[in-house]
Amino acid sequence: MKLKFWPFELQLTHPWMIASRRGSNPHQVVLVELTDTDGVTGLGEAAPSRVYEETPEGVMAFCRQVDPGKLSFADIPGSMSYLAALAPGQMATKCGFNLALLDGAARRARQPLYDFLGLGFRENHHVTSFSIGIDTADIIRKKVIAAEKYPVLKLKLGDPRDRENLAALREISPTKPVRVDANEAWQTKEQALTMIEWCAKDGYIQFIEQPMPRDASAADMVWLKERSPLPLFADESYHTAKDLAYCVECFHGVNVKLVKTGGVSVAYDALQAARKAGLKTMLGCMIETSVLISAAAHLAELTDHLDIDGNLLITNDPFLGVTADKGILSFAKAVEKNGLRVTARA
Ligand SMILES: [Mg+2]
């Protein structure tokens, strides 16, 4: 097996701001390509997040450690065990390799990844929300106008301007369904409840993501869950199925991301485990190219909600894969029929 990896800097339409991290430009990802002795290639992407103390430099250093001779499209569990043993953590990089391995394996099997995983994919069925980061009310208005074609929005809260920002959104779009993501911003259960009750008065807010810090006590979260007028979703609190017991107690649903879990294989298990435990499921993303976004879309059948819009927030996506016209996910325009169904833009 041959390995190639290279950094790529994403250009954002707007500077991206959320409660846990301010003005996080520039955004750099690392692309990973594996080629087997028959010339079959697999493409992956690592999108490291400072929220989880991962950096592009860390990803590059990990990639340099990898002996591609130990990786095989025919043995994904064995390949992932080899990577797991190389270093603890580094989930974004492990995710990049997992995607490349699955892309190659499904292309060898001449199947799209969703069929290779036995899930299938319904066209014209899955809808992603479009995210509006923290900003001034004026920019929020402009962003909401620009997002008119998307049927569901996600608004980032956790800032002194929250009330004027939601009001700005509602000036433009009075009744559009909105999901709120607080990104761990509300520090006490009382503050969180006050904010959630305020959100519920809006009438069109669907649920609240990560109201409190990821290490909030189960006692506080259970108190909040019992009183919350809106469903609560865990994001920073749910990485893999190992976090399930806490999340079943404290939340109504979970938001799974490929870069947190370490790729599609573990995300598949994390979504299945959450469903079996009676939780609602959602797939989310970071700021990413169409490689990671398309990879997530292959798991759409395991979800109740999707928030995979990271490629819609950048202006220089080098790849074509799943599309999200009017928020509706489709592989109909994908030139590549197998694997992740991603190709480089001409
Ligand atoms: Mg979130």
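## Ground rules

Helices (H or I, at least four residues) and strands (E, at least two) are DSSP runs, numbered from the N terminus. Everything below refers to a predicted model, in which local features need pLDDT of at least 70 and side-chain atom pairs count only at pLDDT 80 or more, while totals for chains, interfaces and linings use all residues. Residues are numbered from 1 along each chain as its sequence is written.

## Two domains

Let's start with the overall layout. The protein chain splits into domain 1 (2–111) and domain 2 (130–344), with bounds that come from an automatic or database domain assignment. Their C-alpha centres are 22 Å apart. Domain 1 brings 36 residues to the contact and domain 2 brings 37 residues; two residues are in contact if their C-beta atoms, placed from the backbone, lie within 7 Å.

On the side of domain 1 that touches domain 2, two or more residues each come from β1, β2, β3, α2 (76–86) and α3. The biggest share belongs to α3, which gives 11 residues.

## The sheet and its helices

Several of those elements meet again in an open sheet, where 3 strands run in the order β1-β2-β3 with antiparallel pairing. Two strands are said to pair if DSSP finds at least two bridges between them. At the edges are β1 (2–10) and β3 (41–46), each pairing on one side only. From one strand to the next, the twist averages 20 degrees.

β2 (residues 27–35) pairs with β3 in the antiparallel sense over 6 bridges, and V30 stands opposite A46 in β3. Two helices accompany the strands. Helix α3 (residues 91–108) packs on the sheet and touches β2 and β3, its direction making about 155 degrees with that of β3. Helix α1 (residues 56–65) lies across β1, β2 and β3 and runs at about 15 degrees to β2. For these angles, axes are lines fitted to C-alpha atoms, for helices over the stretch in contact, and values run from 0 to 180 degrees between N-to-C directions.

## A closer look at α7

Now to helix α7 (residues 189–201), whose 13 residues reach 18 Å from the first C-alpha to the last, close to the 18 Å expected at 1.5 Å a residue. The expected span is 1.5 Å times one less than the number of residues. The buried residues of α7 are K189, A192, M195, I196 and C199. They sit on the same side of α7 because they cover an arc of only 130 degrees around the axis, taken from the directions from the helix axis to the C-beta atoms. Here buried means that 20 or more other C-beta atoms lie within 10 Å of a residue's own, exposed means 12 or fewer, and partly exposed is in between, with C-beta atoms placed from the backbone.

The cover over the buried residues of α7 includes β6 (178–181), β7 (205–209) and α8 (218–227). Exposed T194 and K201 are carried on the face turned away from the buried side. After α7 comes G203, with a positive phi near 90 degrees.

## Two positive phi values outside glycine

N124 has a positive phi near 55 degrees although it is a residue other than glycine. N124 belongs to the loop between α4 (113–116) and β4 (130–132), and counts as exposed because it has 9 C-beta neighbours inside 10 Å.

R341 is not a glycine either, yet its phi is positive at about 65 degrees. R341 lies in the loop between β12 (319–320) and β13 (343–344). With 26 C-beta neighbours inside 10 Å, R341 counts as buried.
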